[in-house]
Amino acid sequence: MSPTSRKARVRALTGLSALALAATGFAAAPAAQADQPSSEFAGNSHPYRHGVVPTKEGAAHANAASAAATRTSNLKFGGGVDGIGVTTGAPKVYVVIWGSQWGTAGTDANGYTTMTGDPSGEAVRAQQLYKGLGTNNELWSGVLTQYCEGITKGATSCPSTAAHVGYPTGGALAGVWVDNSAAAPSQATGNQIATEAIKAAGHFGNTTAASNRNAQYIVLSPTGTHPDGFNTSTGQFCAWHDWNGDTTLSGGAATSPYGDVAFSNNPYVTDMGTSCGQNYVNSGNAGLLDGVTIVYGHEYAETVTDQNPAGGWTDSTGAENGDKCAWKGTGGTGGAQNVNFATGSFAMQATWSNAVSACQISHAIVP
């Protein structure tokens, strides 16, 4: 997507050609073909909702409506915004548990922060997910490492010498902050969410542009709230990401004294039940938090490949790597499925791979 035309944001290599791809991370761009989900995802869209995860119903509607459309399949580099295209160092994730509605904080036997006002256990699950990324030799993150910056705008491939997306070796979780100084807004604006992320940057001591260059702030809102209209008639989405300087944010851009700050609006996903992925991969109680890890993983993947939207990687319709693979079924090389990290097994969706011009759940780490 381009800054002037942004979208409503809501998977194995084979043969000798695959071996060649492993060295470069990419295949040549294919001819135009019928594409995956696009910017038509949500009828109630807003330009700042980058990489928005639509509800399953919204995705199904968009797919049906655009089935005859022809689009360029692979992602293209957007040239960077404020000189930032992708997360080039090891990604650092800071979890912000926003609002007094979360209740009282505690610590479980594994050292995760627990909250008494967290009926589904989303805060702990988020910490487990981000701490598990880059462990157990997982290659879900490998798909993301094929993308880079410092190349020609519009390019669909990366030379080995380019600055690629970093692999989160040993885990991406860099910190957790319970900000219970006040209640989180019932319907936070984009500006308020960005402002909370900036506040978190200060809390964590990330007070320079350099300290925020490979960071992202995951703003978790409490159950029963509607950040940016989540779970209302004007917010049939599951999450989205952006950066503080986006002037199209509801409420306007948020001024940061700490350089550019990437953040995600991560609502209380289970409030939307199956519409946001509950039991999408696993049945019964085992699948209660499927949507949480699918959705949160989606936004993480899109942030590291398009940190300041849309200076990173998007297709001709504005879709990011997670968008093109959202709610596309389960199993195989391109469907949602359980991925094993050192911290447990997590339902994850695949992301788009230019290397094979399809969705992949795993890919060799590049370079």
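## Close-up views of a predicted model

View 1. N340 stands opposite S345 in β14. This is a predicted model, in which local features need pLDDT of at least 70 and side-chain atom pairs count only at pLDDT 80 or more, while totals for chains, interfaces and linings use all residues. Residues are numbered from 1 along each chain as its sequence is written, and side-chain values use heavy atoms, with hydrogens and water left out. Strand β13 (residues 337-341) runs antiparallel to strand β14 (residues 344-348), and five bridges pair them. Two strands pair if DSSP finds at least two bridges between them. The hairpin that joins β13 to β14 passes through two residues.

View 2. Look for E138 in the loop between α3 (122-132) and α4 (140-144). Helices (H or I, at least four residues) and strands (E, at least two) are DSSP runs, numbered from the N terminus. Is E138 buried or exposed? E138 is buried, with a relative accessible area of 3%; buried means under 20%, exposed over 50%, and partly exposed in between (1.4 Å probe, protein chains only). Its side chain reaches the backbone nitrogen of G134 at 2.7 Å. Leaving out residues up to four places away in sequence, E138 touches G132, L133, Y167, N340 and F341, where contact means heavy atoms within 4.5 Å.

**View 3. Y48 meets W240.** Here the ring centres of Y48 and W240 are 5.3 Å apart and the planes are at 65°, so the pair is edge-to-face. Rings of Phe, Tyr and Trp (its six-membered ring) pair if their centres lie within 6.5 Å; planes under 30 degrees apart count as stacked, over 60 as edge-to-face and the rest as tilted. This pair links distant parts of the chain, 192 residues apart: Y48 lies in the loop between α1 (15-24) and β1 (50-54), and W240 in strand β10 (residues 237-243). Both Y48 and W240 are buried. Ring pairs also bring in F263, making a cluster of Y48, W240 and F263. How many aromatic pairs does a search of the whole structure find? The search finds eleven.

**View 4. K324 over a ring.** The charged end of K324 sits over the ring of W352, 4.3 Å from its centre. A charge sits over a ring if NZ of Lys or CZ of Arg is within 6 Å of the ring centre and within 35 degrees of the ring normal.

**View 5. The whole chain.** Stepping back, the protein chain has six helices and 16 strands. Of its 367 residues, 58% count as buried.

Terms used
Polar contact = N/O pair within 3.5 Å; in protein donor to acceptor, adjacent residues only side chain to side chain.
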